Amino acid sequence: MASTEGHQEYEEEKQIQSLPKERGWASRYLYLFQGFWCPSTHIQGVNSFQNHFQAKHNDVIVASFPKSGTTWLKALTFAILNRQRFSSLENHPLLTSNPHELVPFLDFLFHGDNIQDQLSYLSNMTEPRVFGTHIPLPSLPKSIMESNCKIIYICRNPFDTFVSSWSFFNNIKSKSLPEVTIEEALQMYCKGIIGFGPIWDHMLGYWKESIATPNKVLFVKYEQLQEDVKFYVKRVAEYLDCPFTEEEESNGGIESIIKLCSFEKMKDLEVNKSGTVGRNIEKKYLFRKGEIGDWINYFSPAMIEMLSKTIEEKLSGSGLSFKTRA
Ligand code: A3P
């Protein structure tokens, strides 16, 4: 057994070393794996997710490019889907668990040699199950695309996504990594070199699928959620075939979910102020400012020009555009 595992590890290592590689800013190197950039530590988890995960017809997948509002959308989706089970908001699990604990990332779940344990945990989860993923659409396991499960994708304007990533990774990255300036990081970002990037390909994959099969992918922008969260809470509930009743609406059911999942509420919860989640991420770093347009405090005119040109080049003609200021 040990030697089979050893052999598998050796093969995986060999596979990783044969991939194109570039210097990262949050990890030493990123590898071009299935067309997206990935730290070597994530590749095994992604491989296992693709090989082992079996979607159920009523699963819900919250997909996103990192730092686009995943935590918020996970919280909202969990609260919307489970509102009959947890009608009393005083005892709601979101008050005592971080959204990433209630809605686990499939990309990181199948790490190491505990795959059977994870599979039995998954099969015992209360349905409908809600999961997160950062994987680009073409790399999702077949069973997700072929079953009736639904995907909600969140993305955010590339300026704020960059600043949110920059701030987040500077907080969590290993101190032993070489220093990278914000200009160098932006150059890499524009070339697509960031975990799960290129961001353009990521967005466009889900964007096109949301147009081709609107019953499979609901495409939401962080800025839209900020502007009219009530509209999108209702939209998500309808899309997931659990629309709010008139009675729920008149009883303030939507507003209480919005309040529970709001940035101010979540950031202030004891459960989100200390401790770690997932792969040792300090929970406090998941809640920074939660604003549209904070990028203006980080970008020089040259950086604005570089990213604006790249966005124009990559997204023009796609119909996808973003609001960048509040
Ligand atoms: P900022 O860094 O701009 O503040 P992700 O959840 O994908 O990692 O995205 C993180 C971004 O979402 C961070 O943005 C974070 O502050 C913001 N965020 C987290 N929870 C939020 C919430 N409940 N409402 C609005 N924004 C939230």
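Q: Why is Q187 called partly exposed?
A: In this predicted model, Q187 has a relative accessible area of 41%. Buried means under 20%, exposed over 50%, and partly exposed in between, with a 1.4 Å probe and protein chains only; Q187 is therefore partly exposed.

Q: Where is Q187 found?
A: Q187 belongs to helix α9, residues 182-190. Helices are DSSP runs of H or I with at least four residues, numbered from the N terminus.

Q: On what basis are these values given?
A: The model is predicted, and local features need pLDDT of at least 70, side-chain atom pairs count only at pLDDT 80 or more, and totals for chains, interfaces and linings use all residues. Residues are numbered from 1 along each chain as its sequence is written, and side-chain values use heavy atoms, with hydrogens and water left out.

Q: How many aromatic pairs are there?
A: Rings of Phe, Tyr and Trp (its six-membered ring) pair if their centres lie within 6.5 Å; planes under 30 degrees apart count as stacked, over 60 as edge-to-face and the rest as tilted. By this rule there are 21 aromatic pairs.

Q: What makes the pair of F33 and F36 edge-to-face?
A: Their ring centres are 5.8 Å apart and their planes stand at 75 degrees, so the pair is edge-to-face. F33 is buried, with a relative accessible area of 3%, and F36 is buried as well, at 1%.

Q: Why is the pair of F168 and F169 called edge-to-face?
A: The centres of these rings lie 5.2 Å apart and the planes are at 70 degrees, so F168 and F169 form an edge-to-face pair. F168, with a relative accessible area of 8%, is buried; F169, at 19%, is buried too.

Q: How do you know that the charged end of R83 sits over the ring of F244?
A: A charge sits over a ring if NZ of Lys or CZ of Arg is within 6 Å of the ring centre and within 35 degrees of the ring normal. The charged end of R83 is 4.0 Å from the centre of the F244 ring and sits over it. Likewise, the charged end of K221 sits over the ring of F322, 5.6 Å from its centre.

Definitions and conventions. Helices (H or I, at least four residues) and strands (E, at least two) are DSSP runs, numbered from the N terminus.
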